[in-house]
Amino acid sequence: MTGKPFQIAAFLAVAGLLALVPLLGSEYWLGVAFIVAMWIALIQSWSLLSATTGYISLGHAVFYGIGAYVLVVSLDWMPVPYALALSGAAAGLLALVVGLPVLRVKGPYFVILTFGFAELVKNLVMLLETRLGQFSRMIFDAPSLEALYYAMLALAVIATALAAWTAQSRFGRGLAAIRENEVAAEAIGVPVTRLKLFAFVASAIIPGIVGGLLVLRTSYFAADQAFDPVVSFTIVTTAIVGGLGRVSGPLLGTLFLVILSELLWARFPQAYMMILGALLIVFILFVPQGLAGLVSKGLKR
Amino acid sequence: MTFTISRRTFLAAAALAPVTTRLAMAADGPLRIGYSMCLTGLFAQAAPSQVNAYELWKDQVNAAGGLDIGGGQRRPVEFVSYDDQSNPANAVRIYEKLITQDKVDLLAAPWSTPIHLAIAPVLAKHKFPMVGNTAASVKLREVKPGYIWFPTAVIPDKVGEELAAFMAKQNVKTAAVFANVLPLAQEIKTTLLPALEKNGIKLVANEDFPPDIKDMTTLISGANQSSPDAFIVLSYPSDTFLFATQAKQLNVKAPFVLSLIGPTIQAYQQAFGTGANNIVTVGHWSPNQSKWPKAKPFFDAYLAKYKEAPDALDSVLSFMSLEILQQAVATAGLDKEKLRETIASATFDTINGPVKFDGVQNTTTPTSFLQIQDGSLELVWPEQIKTKDFRPKTGW
């Protein structure tokens with residue numbers, strides 16, 4: 001347990017550094033930091049369900065999309081902070097409603113079901129927008145990038161803290177038991193269904209708010225974009241590269257991939273995609289513990 | 001092992017350093033024009049029609065000794081571009097980078113309506129004028145006029161009204177309307193339906209379909225039963241191809257067949273040959289309009305460079321947007337405010353004829369329709385710019 005104070009100090013240092021980015025006065029770097037905070041928040045939330053229980057969700061874009069949609073609709077009636085809260089609540093509610101049936105299936109079936117569900121909701125929202133005669137929506141007078149950034153950073157910190165707390169709580173041990181052997185866990189009295197549902201809802205709320213913040217940043221909403229499945233794929237990829245099951249995984253994965261893409265996107269976008277694919281294969285085959293696993297191995301040595 | 005990370009970060013910083021210093025020194029070198037492009041992701045297939053037009057323009061400008069920046073000075077042009085992965089949030093970041101980090105001299109437009117709309121606030125914030133191109137939506141009008149302009153004549157509500165008038169003129173009495181649920185198609189449909197009614201055209205079918213539709217046979221054969229005079233398919237490229245395939249199989253006999261986006265792409269004509277003949281589509285440019293002396297040379301130069309015809313919508317709009325920028329810079333120089341005033345008020349001579357903006361919109365170029373006639377794209381509506389008469393579709 002000697003690593004723990006060090007770990008907390010490291011997290012605080014990263015958060016502190018990110019909090020200082022606006023002082024650089026560079027809109028570009030602020031934009032990069034915004035993306036970093038966004039992915040950390042998304043992936044930590046996803047890990048809360050998928051890394052802990054082994055229920056790999058390939059549909060987290062649905063929460064992000066529903067958050068964006070709720071925000072853009074509710075902005076007509078309420079100020080931004082309330083609309084953001086509503087985004088999170090809507091995503092959580094959606095998770096609660098679909099959680100029970102969806103969480104009954106396991107393994108590849110769960111993966112396919114979450115992906116299909118996300119596509120279903122996307123098409124339903126598109127249909128609804130069509131019926132409403134609203135085919136895309138714009139936002140005027142969005143808050144400044146700085147304000148949005150601090151909100152996003154707060155989400156990243158909360159999501160990381162939540163993941164850290166889960167890792168050593170009774171709740172987290174229950175989730176780990178589900179991952180190892182769900183039937184056995186249930187037999188010894190772990191409230192399997194309740195825990196899974198709780199993790200599912202918890203992992204949906206923050207992505208909902210993230211979706212709201214992102215649509216404030218781009219000031220334009222169209223359903224096919226807001227529910228972009230690439231978001232779901234990127235979450236899973238980054239989480240694997242970073243390392244599943246460690247709180248530092250999403251952090252390292254995000255920093256690594258964002259820096260990589262900043263370096264490569266300028267001239268070699270296709271190369272970036274290829275490198276991403278190769279990395280994924282390499283990590284799954286040779287570094288299943290991800291970057292976080294490498295780092296902790298290095299520290300022990 | 002924490003060392004590895006700091007070394008990696010260091011390497012990243014070290015790799016970036018020469019780039020930034022090199023850019024800073026380039027002030028007196030070539031004139032730099034920045035843009036972001038959907039090289040990967042959802043819209044990646046569309047990117048070449050735009051990038052090719054940009055590159056052709058650059059070649060022509062540099063061959064002429066560079067871009068005229070006023071006062072008889074010319075500077076060679078180079079592009080600074082990044083991939084936005086078809087993601088508006090990335091594009092926002094890229095334009096911020098182009099303006100604040102790379103400090104480019106001018107900006108060119110990205111791909112697609114969502115990305116144009118997403119970057120409009122960035123342009124306004126930095127007071128950096130940019131001529132848009134591949135955006136088409138009624139939402140464009142909601143953008144506060146100032147630093148962005150949209151040369152397209154494919155404004156959906158106008159398209160709906162003009163289409164109904166055009167159909168009425170061709171004696172269409174009954175029509176089947178199928179629309180993709182994506183914004184452009186739906187916006188057009190919203191004004192098309194009342195306009196059809198006003199023109200006394202009866203609707204025999206009216207269906208929406210999802211963007212990834214794989215089979216349209218039920219839609220088509222359903223409408224076939226009442227054999228309408230017109231099939232209006234408000235489709236995007238992949239469904240445009242699907243419709244042509246299945247309309248042929250099901251032997252659609254309507255003399256008036258429209259597909260929204262796709263027929264202007266050369267691959268469409270290559271894929272369907274005579275089946276593509278007499279298909280009507282949306283577009284406001286044809287190389288054969290002799291009133292626009294720059295139209296044919298553009299077509300020929302594009303064909304020579306890329307061995308395929310330019311896309312009559314996107315390649316043309318992209319090229320036009322740079323022609324407008326070019327002429328504005330020749331008058332106003334590189335000062336952003338002067339440039340903005342010039343773009344907002346002057347009339348520009350483009351491959352699509354004269355263009356003048358009123359607010360954010362091009363109000364000069366008329367909303368028009370094209371028809372594929374024996375491998376050539378002809379303007380068939382409205383009267384004042386048509387290059388050929390409309391021909392009824394007789395078979396696939």
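Contact means heavy atoms within 4.5 Å. The model is predicted: local features need pLDDT of at least 70, side-chain atom pairs count only at pLDDT 80 or more, and totals for chains, interfaces and linings use all residues. Residues are numbered from 1 along each chain as its sequence is written, chains are lettered from A, and side-chain values use heavy atoms, with hydrogens and water left out.

**Exercise 1.** Describe the surroundings of E96(B).

*Solution.* 
Step 1. Locate the residue: E96(B) lies in helix α3 of chain B, residues 88–101. Helices here are DSSP runs of H or I with at least four residues, numbered from the N terminus.
Step 2. List the contacts, leaving out residues up to four places away in sequence: E96(B) touches E27(A), L145(A) and R217(A) in chain A, and Q101(B) and V122(B) in chain B.

**Exercise 2.** What radius of gyration does chain A have, against that of a compact globule?

*Solution.* 
Step 1. Take the rule: 2.2 Å times the number of residues to the power 0.38, with the radius taken over C-alpha atoms.
Step 2. Apply it: for 301 residues the rule gives a value near 19 Å, and chain A has 19 Å, which agrees.

**Exercise 3.** Of the contacts in chain A between residues at least 6 apart in sequence, what percentage joins residues at least 24 apart?

*Solution.* 
Step 1. The share is 81%.
Step 2. For burial in chain A, 56% of the 301 residues are buried.

Key: Buried < 20%, exposed > 50% of the residue type's maximum accessible area, 1.4 Å probe, protein only. Helix = DSSP H or I, 4+ residues; strand = E, 2+ residues; numbered from the N terminus.
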